[in-house]
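Me: I would like to learn how to read a few features of a protein model, one at a time. Could you give me the general idea for each, and then the case at hand?

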Amino acid sequence: VAYDGVKSTGPYAVVAGNTITNFCQTMTDGGGVYLSWRSSTGSRVDSNTIRTDSVPRPETGTYLDIVAGVYLDEASHEDTVRSNLVQGGGRGVFLHNARGNVVTDNIILGYGHHGIAMEQDGGAPDSLRDNRVQRNRVAASGNSLVRLKKTSSWSSPGIIDANIYGIHRDLARFERDDLARNRWVAIPWSEWRLEGFDEGSTFDP
């Protein structure tokens, strides 16, 4: 598939029980399941197998990692991503300027860059908020288990807790942006939990 596997820009969509493979073969900034553009609310992505074996490399090199198994984009809100098997791509699950969503009970593995990515850029400073990322099993792969980005002011993206990470606790890597230095920083779990994240999560290598 050249671009998105399944795309919905309307409310209350249900994407359930599908096998979605080899999406975004020629284009990036998309996903196996893509929900977006301000009208996605109350949608459900449930019990799918979502897998891609390759990530395209556009000539510019931009957006290389923005191929996600499940992509909640631009003000997607009150959507639920539950019980999916997500494998491959640049990111397992990606929340971009999204709020009030639930990501739970998913298995995420084989990603190239980030298991779960949550980013806010542009728009209101609190456009990434009130999300719940819980009870997911994230294998160790790529650059980080979870990545957070807020380009204006820092406020909590929501609850990230009770997940299971497939790596020893001392080797776990999380990423967030350093606004003052305008760069990413990798932090260990001991520092990550002081930020209020994954205090009750477990590590199962």
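Me: Is Ala-162 buried, partly exposed or exposed, and what is its relative accessible area?

Reply: A residue is called buried under 20% relative accessible area, exposed over 50%, and partly exposed in between, with a 1.4 Å probe and protein chains only. Ala-162 is partly exposed, with a relative accessible area of 35%. Before going on, please note that this is a predicted model, in which local features need pLDDT of at least 70 and side-chain atom pairs count only at pLDDT 80 or more, while totals for chains, interfaces and linings use all residues. Residues are numbered from 1 along each chain as its sequence is written, and side-chain values use heavy atoms, with hydrogens and water left out.

Me: Which residues have a positive phi although they are not glycine, among them Ala-162?

Reply: Most residues other than glycine have a negative phi. Ala-162, which is not a glycine, has a positive phi of about 60°, and it is placed in the loop between β17 (158-161) and β18 (164-166). Asp-29 is another non-glycine residue with a positive phi of about 60°; its place is in the loop between β3 (19-21) and β4 (30-35), and at 24% relative accessibility Asp-29 counts as partly exposed.

Me: How many helices and strands does the protein have, and in what order do the strands of the open sheet stand?

Reply: Helices (H or I, at least four residues) and strands (E, at least two) are DSSP runs numbered from the N terminus, and on that basis the protein has 1 helix and 21 strands. Strands of a sheet pair through backbone hydrogen bonds, either parallel or antiparallel; here two strands count as paired if DSSP finds at least two bridges between them. In this model 8 strands form an open sheet with mixed pairing, in the order β1-β4-β7-β10-β13-β16-β19-β20. The edges are taken by β1 (6-8) and β20 (183-187), each of which has a single partner strand, so one side of each is left without a neighbour in the sheet.

Me: How is β19 joined to β16 and to β20, and how many of its residues are buried?

Reply: Strand β16 (residues 144-150) runs parallel to strand β19 (residues 174-178), and 3 bridges join them; the bridge partner of Val-146 in β19 is Phe-174, and that of Arg-147 is Glu-175. Between β19 and β20, which run antiparallel, there are 5 bridges, and Arg-176 stands opposite Val-185 in β20. In β19, 5 of the 5 residues are buried, so the strand is largely enclosed by the rest of the structure.

Me: Which residues have the most contacts inside the largest nonpolar core?

Reply: In soluble globular proteins, nonpolar side chains tend to be buried together. A nonpolar core is here a set of buried Ala, Val, Leu, Ile, Met, Phe, Trp, Tyr and Cys residues joined through side-chain atoms within 4.5 Å. The largest such core has 38 residues, and those with the most contacts inside it are Leu-145, Ile-160, Tyr-165, Phe-174 and Trp-192. At least two residues of this core come from each of β4, β7 (67-72), β10 (91-96), β13 (114-120), β16, β20 and α1 (189-192). A second, separate core of 6 residues includes Tyr-34, Tyr-71, Phe-94 and Ala-117.

Me: How many aromatic pairs does the structure hold, and at what distance and angle do the rings of Tyr-71 and Phe-94 lie?

Reply: A pair of aromatic rings is described by the distance of the centres and the angle of the planes. Rings of Phe, Tyr and Trp (its six-membered ring) pair if their centres lie within 6.5 Å, and planes under 30 degrees apart count as stacked, over 60 as edge-to-face and the rest as tilted. The structure holds 7 aromatic pairs. The rings of Tyr-71 and Phe-94 have their centres 4.8 Å apart and their planes at 45°, so the pair is tilted. This pair links distant parts of the chain, with Tyr-71 in strand β7 and Phe-94 in strand β10, 23 residues apart, and both Tyr-71 and Phe-94 are buried.

Me: Where in the chain do Tyr-165 and Phe-203 lie?

Reply: Tyr-165 is in strand β18 and Phe-203 in strand β21 (residues 202-203), 38 residues apart, and their pair links distant parts of the chain. Their ring centres are 5.7 Å apart and the planes are at 35°, so this pair is tilted. Tyr-165 is buried, with a relative accessible area of 0%, and Phe-203 is buried as well, at 18%. Tyr-165 and Phe-203 form one aromatic cluster with Phe-174, Trp-189, Trp-192 and Phe-197.
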